[in-house]
Amino acid sequence: GQPAGLAAMAIGVGLLVAAFPLRSLAVVLAAAILAGLGQGVALFGAQKEINVLAPSDRRGEVMAAFITCLYAGVAVTTVLTGLLADRYGLRNAVEIIGGVLSAVAVTAMLWHLTARG
């Protein structure tokens, strides 16, 4: 499920970037639903994989590290979006961060597909 979730996230973020010039609430809502659904599927898949791969006596520690990295990523992208928005405008900030996030999601998706393929 992780590749499908990552693909949905990338498409959802792309829709979010597209929503700015379109000035469309419907596109923003579709983007939020698709990106959120994708994130949930990818996160569930990652947690499932951690439960399989992590040694049982260290599973809690590994999961805590995973969640910490997840929240750090959310915090960093949020702060960077704000800093970029102050300097270059909100639309440009969303385009930059959205492009980076989509590229990371697609790269991770391709890695999953080729690593298991």
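How many residues does H4 have, and what distance does H4 reach from its first C-alpha to its last? H4 has 27 residues and reaches 38 Å between those two atoms, close to the 39 Å expected at 1.5 Å a residue. The expected span of a helix is 1.5 Å times one less than its number of residues. Helices here are DSSP runs of H or I with at least four residues, strands are runs of E with at least two, and both are numbered from the N terminus.

This is a predicted model, in which local features need pLDDT of at least 70 and side-chain atom pairs count only at pLDDT 80 or more, while totals for chains, interfaces and linings use all residues. Residues are numbered from 1 along each chain as its sequence is written, and side-chain values use heavy atoms, with hydrogens and water left out.

**The whole chain**

Begin by displaying the protein chain as a cartoon. The chain contains four helices and zero strands, and its elements run α-α-α-α from the N terminus on. Along the principal axes, the C-alpha atoms fill a box of roughly 50 × 30 × 25 Å. Of the 117 residues, 26% are buried; buried means under 20% relative accessible area, exposed means over 50%, and partly exposed lies in between (1.4 Å probe, protein chains only). Among contacts (heavy atoms within 4.5 Å) between residues at least 6 apart in sequence, 59% join residues at least 24 apart.

**Helix H1**

Next, select residues 2-22, which form helix H1. The 21 residues of H1 should span 30 Å at 1.5 Å a residue, and the end C-alpha atoms are 30 Å apart, which agrees. Colour the buried residues of H1, among them Gln2, Pro3, Leu6 and Val13. What covers the buried residues of H1 includes helix H2 (25-53) and H4.

Move on to Arg23, in the loop between H1 and H2. Is Arg23 buried or exposed? Arg23 counts as exposed, because its relative accessibility is 77%. The backbone deserves attention here as well: Arg23 has a positive phi of about 50° although it is not a glycine. Most residues other than glycine have a negative phi.

**Where H3 meets H4**

Now show helix H3 (residues 59-88) together with helix H4 (residues 90-116). The axes of H3 and H4 come within 7 Å and cross at roughly 145°. Axes are lines fitted to C-alpha atoms, for helices over the stretch in contact, and angles run from 0 to 180 degrees between N-to-C directions. The crossing of H3 and H4 is right-handed; a crossing is right-handed if the near helix is turned clockwise from the far one by less than a right angle, and left-handed if anticlockwise.

To see the contact itself, display the side chains that make it. On H3 these are Thr77, Leu80, Thr81, Leu84, Ala85 and Tyr88, and on H4 they are Leu90, Asn92, Ala93, Ile96, Ile97 and Leu101. The residues of this contact divide into nine nonpolar, three polar and no charged. In this division, Ala, Val, Leu, Ile, Met, Phe, Trp, Tyr, Cys and Pro count as nonpolar, Asp, Glu, Lys and Arg as charged, and the others, Gly among them, as polar.

**Inside H4**

Remain on H4 and select its buried residues, including Val94, Gly98, Ala105 and Met109. What covers the buried residues of H4 includes H1, H2 and H3. Then centre the view on His112, which is also in helix H4. His112 counts as buried, because its relative accessibility is 7%. Which residues does His112 contact, leaving aside its neighbours within four places in sequence? They are Gln2, Pro3, Leu6 and Glu49.

**The salt bridges**

Finally, look for salt bridges, each a side-chain nitrogen of Lys or Arg within 4 Å of a carboxyl oxygen of Asp or Glu. The count comes to two.

- Select Arg58 and Glu61: their side chains meet in a salt bridge at 2.8 Å, N to O. Arg58 is partly exposed at 43% relative accessibility, and Glu61 is partly exposed at 46%.
- Select Glu95 and Arg91: the closest N and O atoms of this salt bridge are 3.3 Å apart. Both residues lie in helix H4, four residues apart, about one turn of the helix. Glu95 is partly exposed with a relative accessible area of 32%, and Arg91 is partly exposed at 41%.
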